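Please open the model in your viewer and keep the selection tool at hand. The stops below say what to select next and what is there.

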Amino acid sequence: MPPSSGRVLGLPDRLLAGAGKTYIASRVIDFFVSTSEKVAYFYCNRAEEDRRKPESILNTLIQQLAQTESEDKLLKPVIDIYKAHEKAGQESSRLTLNESQELLVQLTDICPQTTICIDALDEVENGIRVQLLKSLKHIVERSKNLVKIFATTRMDTDILLQFEMFPRIELQPDDNVSDINQFVEAELEKAIEEKQLLHGAVPSELKVEICNALCERSKGM
């Protein structure tokens, strides 16, 4: 498939800590889960080994995509690879990275459209992150159907290089400035009305000054 079969949406580091990147990711995931589109997701965390290992990430994606409408049944590609391991006397062994990425290609081939959501992609260690990036790239390139990648991450050089051939959308803090300003204005007005700020005695000039200072320093948060 041509590179245009994939999409990458990144939330770069200019969305500072506390700006709600994980919240945005969870809302995106909730949206896709509520639709008929197939979705698989993973929340990375550098503080937990299993949540920053490429093998663990891919295996979790497989578990989510392997389920059929009947909870006690799995899709054929998963059954086939289990039987192959069983025949080789390795039924208890974990999938290798290559096996996992190839299995994900087969699973996405079954679905007309698949979205893979990964939060905090940059929390996977630099030394091994390229393995995960190459696997995701391989899945997007080799799948017969549309596979979209949604990731919240700092746009480090290795991430940009692996996905440079795919259409990419980056969200910036300035994209929600008007929403942030409206929120600040509404909350400030509420605090004054409820006499929580200077007992409600706030001159209009001071109110404007407070509002401007908060909006200027919010930096997208």
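**First stop: a buried pair**

Select Glu-37, which is buried with a relative accessible area of 17%, where buried means under 20% relative accessible area, exposed means over 50%, and partly exposed lies in between (1.4 Å probe, protein chains only). Before you go on, note that this is a predicted model, in which local features need pLDDT of at least 70 and side-chain atom pairs count only at pLDDT 80 or more, while totals for chains, interfaces and linings use all residues. Residues are numbered from 1 along each chain as its sequence is written, and side-chain values use heavy atoms, with hydrogens and water left out.

The side chains of Glu-37 and Lys-148 meet in a salt bridge (3.5 Å, N to O), that is, a side-chain nitrogen of Lys or Arg within 4 Å of a carboxyl oxygen of Asp or Glu. Glu-37 lies in the loop between helix H1 (21-33) and strand S2 (38-43) and Lys-148 in strand S4 (residues 146-152), so the pair ties together parts that are 111 residues apart in sequence. Helices (H or I, at least four residues) and strands (E, at least two) are DSSP runs, numbered from the N terminus.

**Second stop: a pair within one helix**

Which residue's side chain meets that of Asp-80 in a salt bridge? Select Lys-76, whose side chain meets that of Asp-80 at 2.7 Å, N to O. The two residues are 4 residues apart in helix H3, and are therefore separated by about one helical turn. Asp-80 is partly exposed, with a relative accessible area of 35%, whereas Lys-76 is exposed, at 58%.

Finally, select Asn-59, Ile-62, Val-78, Leu-95 and Leu-103, which lie nearest the centre of the largest pocket, among the 15 residues that line it. Helix H2 (54-66) and helix H3 (76-87) are the elements that give two or more residues to this lining. On a 1 Å grid over the protein atoms alone, a pocket is an open set of points where a 1.4 Å probe fits, with protein on both sides within 12 Å along at least five of seven lines, and lining residues have an atom within 4 Å of a point. About 330 Å³ of space lies in the largest pocket, a volume being the space filled by probe spheres set on the points, which are joined across faces, edges and corners.
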